[in-house]
Amino acid sequence: MPKFRKKPVIIEAVRFTRHTWDEVKEFTNGQAHSWTTEKYVGGKSTCIIPTLEGEHIATEGDWIIKGVNGEFYPCKPDIFQKTYELTII
């Protein structure tokens, strides 16, 4: 069976917390929106990220990633850590 390696791609991302909400809105060009101003899941803030597959709920601590075509999607912190590393360009 052939094996494939994922091409290295530089991405932009911002971590969603209750303190970075304005940064998340700016980063997503206003596309991210809150479920409600008082909606929490397990004591964590949430927001809605429109993706190519529909709207996804991001939970506080998730990373919001800009894809290679300018699309956005949330990524859980453990997956982000396994998949990405900080780069300085």
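## Around E60

Setting aside residues within four places in sequence, E60 is in contact with F16, T17, R18, K44 and S45. Keep in mind that we're looking at a predicted model here. E60 sits in the loop that runs between β4 (54-59) and β5.

Is E60 buried or exposed? Its relative accessibility comes out at 15%, and buried means under 20%, so E60 counts as buried. One of its contacts, R18, also shows up in a side-chain pairing: a polar contact of 2.8 Å links the side chains of E60 and R18.

Let's zoom in on one pair. Strand β5 (residues 63-66) is joined to β6 by 4 bridges, and the two run antiparallel. Within this pairing, I64 stands opposite P74 in β6.

## T51 and its surroundings

Not counting residues up to four places away in sequence, T51 touches H56, F72, Y73 and P74. T51 is buried too, because its relative accessible area is 14%.

What does the side chain of T51 reach? That would be the backbone oxygen of G54, at 2.5 Å. R5 is another story: its C-alpha atom is separated from that of T51 by 25 Å, with the two residues 46 apart along the chain.

Technical notes. Residues are numbered from 1 along each chain as its sequence is written. This is a predicted model: local features need pLDDT of at least 70, side-chain atom pairs count only at pLDDT 80 or more; totals for chains, interfaces and linings use all residues. Side-chain values use heavy atoms; hydrogens and water are left out. Two strands pair if DSSP finds at least two bridges between them. Buried means under 20% relative accessible area, exposed over 50%, partly exposed in between (1.4 Å probe, protein chains only). A polar contact is a pair of N or O atoms within 3.5 Å; within protein, one must be able to donate a hydrogen and the other to accept it, and residues adjacent in sequence count only if both atoms are side-chain atoms. Contact means heavy atoms within 4.5 Å.
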